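Here is a short briefing on one chain. Have the structure open as you read.

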Amino acid sequence: MRKEWTILSVMIAFVLLLAACNSTDKEQTNSSKDSDDKPAQTEDTKIDTSLLPTEVTNEGDAIQGGTLHVGLVSDSPFKGIFLAELSADATDGSITGYASNGLFEVDGDFLLTDEGIAKLDVDTDNKKATITIQSDVKWSDGTPLTAEDLIYPYEIIGHPDYEGVRYDDDFKNIIGAEEYHDGKATTISGIKKIDDKTIEISLKKVSPAIYSGGDGLWGYAAPKHQLASIAVKDLISSDAVRKNPITLGPFKFDQIVNGESVQFVANEHYFKGKPKIEKLVVQVVSTSTISEALKAGQFDIASVPATQYDSIKNLSNISILGRPELSYSYLGFKLGKYDKEKGENIYDDKAKMNDIDLRKAIAYAMDIETVTDRFYQGLRVRANSLIPPAFKTYYDDALEGYHYNPEKAKELLDAAGYKDIDGDGIREDRDGNKFTIRLAAMSGSDTAEAIIEYYRQNWKEVGLDVQLTTGRLIEFNNFYDKVQADDPEIDMFIGAWSTGTNPSPAGLYSKGAAFNFSRFVSDDLTKLLNDIDSEEALDVTYRAKAFRAWQEYMADKAMVVPMLFSTSTIAINKRIKSYNIDRETGTEIQDLELIADAPIK
């Protein structure tokens, strides 16, 4: 659950578009960083991210209305699935955010507040959550929001015909959810309508995760009056999802050009008041052309990849804001399959990559530190954990992670039995057979290929032959389709997550999580995840220790290896009167004003 009402909170999701990399630590463990073929960036050219402002104000009188132009930086078209219950892709989510159906807002500690459309009350003794609509809220078509609209998303996600990714172990915490999903009941027994504005949810357990939107809580409403007549299996292709969504946010959908752009108009029914700007246009722009587009005054706002920072930092018509993101990129290893019928991950102990020492060697061989120096100017740092530093209570900076150490990688491979038998510089497998690892990585920025080739060279230097799945980098949408479908041509893959404001890792790594793309499952992992979201974890100290234990376990098993943490860089055209990206006090989109009729060139 994010604070949906600030423009930049929508932009968080863009991290999923960052192809192969995203961050770094400055520790350099190999002198080759200073060699001619691996030029390291000098310290004085790196960005001190702590100096990037979070707020800008421009002088001038506000105009009436106007159209805000937002650049959606992507090298792939958006899918156009504009319903939170069905969308699994950050690009669609970033677009939908301007017309969000989100019920809750969060504070600076990412805890739900009472400032949103609805408020949450938790009865820990009786394991019940009550959600109450706080005022006379209306949908964008003028229809009142009711308790039925709060219940309907659960009925979509839990439905036997639901094929999305939101039905997981977390959702099963709702009493009656599994029986409904299995077709043994026609309703979810644990969800009750109290009155027209209130619902009550009975849970199997209550943990601290609920206060961040976890424990099965769903943070969005769905317009039942529009969707109920459509079969759940047909929702994803329906006009109600693709062409004319009815929403609760500050803007409402007006015109959609599939894969390319969306025009919104101000929602006169928005519960915080009609926005001051009249229209908002979101348009896809490639990473290679975003700097020229900003220079030419095509966009008011754009989240710019770190690889393009140098090309925009001196533009006189924009300001650049920055902040740490709730995200990380990672290297994942395929260790099983996802059983859609059972709704669970099936671990294969005979999987090709099921050798801990092999996985650790691959991680140690990656010279992430040099990649960050060469391409990211300090806007990406090597990740030491699968918990972003923004979660200050649970992130542990004492964790080492995997530093670049090729000698350690060679030692692990030797001990594990991967040796170069024929003297060609490439190791055979433990049985002496030719050994090739297939890597799936996303296309994207103009540096994506160079970065992946550098990592492939890293692996070759320790004797591993790593080839690209399909022989090339894979377009964003196709990449996640292949990864999610457990394509047999993928042995390992480089992806990224935007975590949202709930730090619990259960939704990404549990047995029932469709997002658990490595498909690793173990009793120990299940116990560790359960400890994080247990009743005992209502004690902050207990939960922090549970997080630490989980992070240590993930590092030890290395089924998913953290790569990079990121700092977002947001370009703001100087015709925007004021803009603040602080998560707690940031500019709310309905209050945004313009001081010129068009973006300044």
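Strand 5 (residues 191-195) and strand 6 pair in the antiparallel sense, over four bridges. A hairpin of two residues joins strand 5 to strand 6. In this pairing, Ile191 stands opposite Ile201 of strand 6. Note that this is a predicted model.

- Strand 6 spans residues 198-202; five of its five residues are buried, so the strand is largely enclosed by the rest of the structure.
- Both faces of strand 6 are covered.
- Thr198, Glu200 and Ser202 are buried on one side, and Ile199 and Ile201 are buried on the other.
- Strand 6 also pairs with strand 4 (residues 128-133), in the antiparallel sense and over five bridges.
- Within that pairing, Glu200 in strand 6 is the bridge partner of Thr130.

- Four strands form an open sheet in the order 3-4-6-5, with antiparallel pairing.
- Strand 3 (118-123) and strand 5 stand at the edges with a single partner strand each, so one side of each has no neighbour in the sheet.
- On average, neighbouring strands of this sheet are turned by 20 degrees against each other, direction ignored.
- Strand 3 pairs with strand 4 over six bridges, in the antiparallel sense.
- Lys119 stands opposite Thr132 in strand 4.
- Helix 3 (residues 147-158) packs on the sheet and touches strand 4, strand 5 and strand 6.
- The direction of helix 3 makes about 175 degrees with that of strand 5.

**The whole chain**
- The chain holds 16 helices and 20 strands.
- Its radius of gyration is 24 Å, close to the 25 Å that the globule rule gives for 601 residues, so the chain is as compact as a globular protein of that length.
- Along the principal axes, the C-alpha atoms fill a box of roughly 75 × 60 × 45 Å.
- Of the 601 residues, 60% count as buried.
- Take the contacts between residues at least 6 apart in sequence: 73% of them join residues at least 24 apart.
- The chain exposes about 23200 Å², and carbon and sulfur atoms supply 45% of that area.

**Confidence**
- The average pLDDT of the chain is 89, and 92% of the residues score at least 70.
- Over residues 1-45, pLDDT stays under 50.
- For residues 1-45, the model has 167 contacts beyond four places in sequence.

Key
Residues numbered from 1 in each chain as written. Predicted model: local features only at pLDDT ≥ 70, side-chain atom pairs only at ≥ 80, totals over all residues. Heavy atoms only, no water. Buried < 20%, exposed > 50% of the residue type's maximum accessible area, 1.4 Å probe, protein only. Pairing = 2+ DSSP bridges. pLDDT = per-residue confidence, 0-100. Contact = heavy atoms within 4.5 Å. Axes fitted to C-alpha atoms, helices over the stretch in contact; angles between N-to-C directions. Rg over C-alpha atoms; globule rule 2.2 N^0.38 Å. Areas by Shrake-Rupley, 256 points an atom, 1.4 Å probe, with all protein chains shown as cover.
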